[in-house]
Amino acid sequence: MQTELPQADARTLSAPTEPGAEERAFQTRFETGIAASIKIEPKDWMPDAYRRTLIRQISQHAHSEIVGQLPEANWITRAPSLKRKAILLAKVQDEAGHGLYLYSAAETLGISRDQMVRDLLSGKAKYSSIFNYPTLTWADVGAIGWLVDGAAIINQIPLCRCSYGPYARAMVRICKEESFHQRQGFEIMMVLSSGTPRQKAMAQDALDRWWWPSLMMFGPPDAESANSAQSMRWGIKLFSNDELRQRFVDQTVSQAEYLGLRVPDPDLRWNGERGQYDFGAIDWNEFRNVIKGNGPCNRERMRVRTQAHEDGAWFREALERHAAKLAQRNEGTAAPRAAQGAP
């Protein structure tokens with residue numbers, strides 16, 4: 001049975017005998033809790049660097065969910081049937097919900113949602129590079145569900161056990177919904193790959209274009225990742241970028257074979273000694289270029305996201321005024337009750 005870490009209150013510790021003793025005691029308890037897999041909660045003491053890392057990771061994750069609606073939303077009105085439209089609409093709504101869960105989790109760390117959105121729109125905050133690629137055909141919607149959401153699941157299931165409680169709990173529901181998204185995408189690819197030669201070619205083309213960006217979703221190689229090692233020591237991440245990427249390749253190659261599609265990697269080989277696939281070199285120059293804002297759709301994604309934010313300004317203002325009016329009304333009714341001695 002897990003116990004809670006002490007909150008950041010000096011009364012929970014004995015009086016320090018020297019400068020910095022209190023903080024060192026908190027640091028020791030924090031590290032002990034991490035080692036014992038005890039969840040860190042918002043009111044618990046945590047190092048500033050841990051808080052900053054979580055804000056960066058969770059807000060980037062939230063931004064990815066929100067921006068990730070855009071490539072698929074383009075196909076809601078062009079989906080090939082009413083059923084497909086309804087399913088895709090539900091999926092896009094799910095992604096919006098995931099972003100809201102994650103923004104709420106990040107807010108427990110002391111950053112406002114407004115600030116996170118400003119950081120996104122100004123370019124200060126990043127989102128997953130995968131969402132800067134275009135969706136050219138209906139098969140791309142299937143490839144996103146199968147590959148992109150499949151990679152997301154592999155990345156995110158370990159986060160259900162990460163050290164920060166609000167993040168871990170948000171990920172439980174998100175992962176359940178992402179599993180449906182992955183199945184929906186795979187089903188689209190299965191229908192196409194078993195259809196006409198033209199439909200199968202469309203599915204193959206989508207796989208060709210989305211395969212390598214999907215591998216890049218796990219982040220740079222471990223040797224080049226500036227944050228991965230520290231995040232693993234803190235229990236924010238449980239597996240390295242390269243471990244998760246390998247897991248994705250091993251899982252997905254057999255799915256492509258089932259579909260009768262060819263993974264676009266001439267160096268892909270089964271390694272019997274390792275019991276895993278060897279795969280070709282990733283073009284990390286492309287990854288860095290997209291991250292810098294020079295991908296096929298970076299500017300378009302930010303233009304649309306900025307326009308949506310501006311279009312919603314009137315609604316946010318209305319909500320704020322309504323909240324202020326309710327607060328004023330509650331204050332007005334509280335005063336007579338206090339004068340009458342009401343409890």
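**Close-ups of salt bridges and a buried leucine**

Search the whole structure and you find 14 salt bridges. Keep in mind that this is a predicted model. The views below pick out a few of these pairs, then turn to one leucine.

**View 1. Arg-209 and Asp-140 form a salt bridge**. Here the closest N and O atoms sit 2.6 Å apart. The pair ties together distant parts of the chain, with Arg-209 coming from helix α8 (residues 197–216) and Asp-140 from helix α6 (residues 138–156), 69 residues apart. Is Asp-140 buried or exposed? With a relative accessibility of 0%, Asp-140 is buried. Arg-209 has a relative accessible area of 25%, so this one goes down as partly exposed.

View 2. Glu-177 comes out at 14% relative accessibility, and buried means under 20%, so Glu-177 counts as buried.

**View 3. Glu-107 and Arg-113 make a salt bridge**. What separates the closest N and O atoms in this pair? The gap is 3.1 Å. Both ends get a partly exposed label: Arg-113 has 27% relative accessibility, and Glu-107 has 32%.

**View 4. Glu-72, Lys-91 and Asp-149 join up in a network**. The links between these three residues are salt bridges.

**View 5. Leu-192 is a buried residue of helix α7**. Helix α7 covers residues 165–193, and Leu-192 has a relative accessibility of 7%, which is why it counts as buried. Which residues touch Leu-192, once its neighbours within four places in sequence are set aside? The contacts are Trp-138, Ala-139, Gln-199, Lys-200 and Ala-203. Gly-142 is another residue to look for in this view: 50 residues separate Gly-142 from Leu-192 in sequence, while their C-alpha atoms are 9.1 Å apart in space.

Definitions and conventions. Residues are numbered from 1 along each chain as its sequence is written. This is a predicted model: local features need pLDDT of at least 70, side-chain atom pairs count only at pLDDT 80 or more; totals for chains, interfaces and linings use all residues. Side-chain values use heavy atoms; hydrogens and water are left out. Helices (H or I, at least four residues) and strands (E, at least two) are DSSP runs, numbered from the N terminus. Buried means under 20% relative accessible area, exposed over 50%, partly exposed in between (1.4 Å probe, protein chains only). Contact means heavy atoms within 4.5 Å. A salt bridge is a side-chain nitrogen of Lys or Arg within 4 Å of a carboxyl oxygen of Asp or Glu.
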